Amino acid sequence: MTTKEGGCACGAVRYEVRGDPIFVNNCHCTLCQRQTGSTSVVNAFFESEQITLTQGELGEYVVTAGSGGPHRICRCPQCGTAILSYYPRLGRLGAGLRVGTLDDPGAFRPDAVIFTASAMPWVSFPEGIPTFEQSYAPADILPPERLARLMAMVERRKAGEG
Ligand SMILES: [Zn+2]
Ligand SMILES: [Zn+2]
């Protein structure tokens with residue numbers, strides 16, 4: 001299993017992530033725009049145990065997710081760089097890693113460009129990556145092995161974990 005490394009802007013927080021993501025979204029929703037101050041975010045979703053902090057620690061900052069539940073953004077407490085997020089659906093079982101914090105930010109290619117309906121009007125979308133006006137059903141685009149990893153987390157969450 002390959003390991004990739006990343007960290008925050010000031011260098012206090014470093015992490016390792018093992019293996020391939022379950023899915024990668026490039027999200028242009030207005031919440032992501034506000035949280036990043038930019039056009040969109042690129043999040044790679046992993047089982048949380050695939051991500052290990054190797055230096056420093058993360059502070060949690062809670063905002064309201066689009067679904068209404070708590071979206072926990074984990075940031076370097078010193079420089080504020082957002083490293084990963086926990087979303088209401090999977091709790092702390094699954095983490096959305098901000099791909100731009102990888103030492104090689106090109107390592108994970110998005111599976112989907114989502115919430116294009118609210119993209120900034122001058123943004124153009126990449127060829128060869130599916131686009132969705134809002135979201136998509138994971139079963140529609142994920143290969144079976146990755147869908148199975150997602151469903152395993154959904155089942156653990158239903159059983160009360162996370
Ligand atoms: Zn930092
Ligand atoms: Zn978003």
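Mentor: Keep in mind that this is a predicted model. Let's start with β6 and strand β7 (residues 70–75), which pair in the antiparallel sense over 6 bridges.
Trainee: Which residue in β7 is the bridge partner of Val-62?
Mentor: Val-62 has Arg-72 in β7 as its bridge partner.
Trainee: And what actually holds paired strands together?
Mentor: In general, strands of a sheet pair through backbone hydrogen bonds, and the pairing can be parallel or antiparallel.
Trainee: OK, so what is the order of the strands in the open sheet with β6 and β7?
Mentor: The order is β6-β7-β8-β9-β4-β3-β10, which makes an open sheet of 7 strands with mixed pairing.
Trainee: Which are the edge strands there?
Mentor: Those are β6 (59–64) and β10 (112–114), and each of them pairs on one side only.
Trainee: By how many degrees are neighbouring strands of this sheet turned against each other?
Mentor: On average by 30 degrees, ignoring direction.
Trainee: New topic: what about the sheet with β1?
Mentor: That one is an open sheet of 3 strands in the order β1-β2-β5, and its pairing is antiparallel.
Trainee: Why is one side of β1 and of β5 left without a neighbour in the sheet?
Mentor: Because β1 (3–7) and β5 (51–55) stand at the edges, where each has a single partner strand. The twist from one strand to the next averages 25 degrees.
Trainee: How many bridges join β2 to β5?
Mentor: There are 4 bridges between strand β2 (residues 14–18) and β5, and the two run antiparallel. As an example to find on screen, Glu-16 has Thr-52 in β5 as its bridge partner.
Trainee: Great, thanks!

How values were computed: Residues are numbered from 1 along each chain as its sequence is written. Chains are lettered from A and ligands numbered from 1 in the order in which they are written. This is a predicted model: local features need pLDDT of at least 70, side-chain atom pairs count only at pLDDT 80 or more; totals for chains, interfaces and linings use all residues. Two strands pair if DSSP finds at least two bridges between them. Axes are lines fitted to C-alpha atoms, for helices over the stretch in contact, and angles run from 0 to 180 degrees between N-to-C directions.
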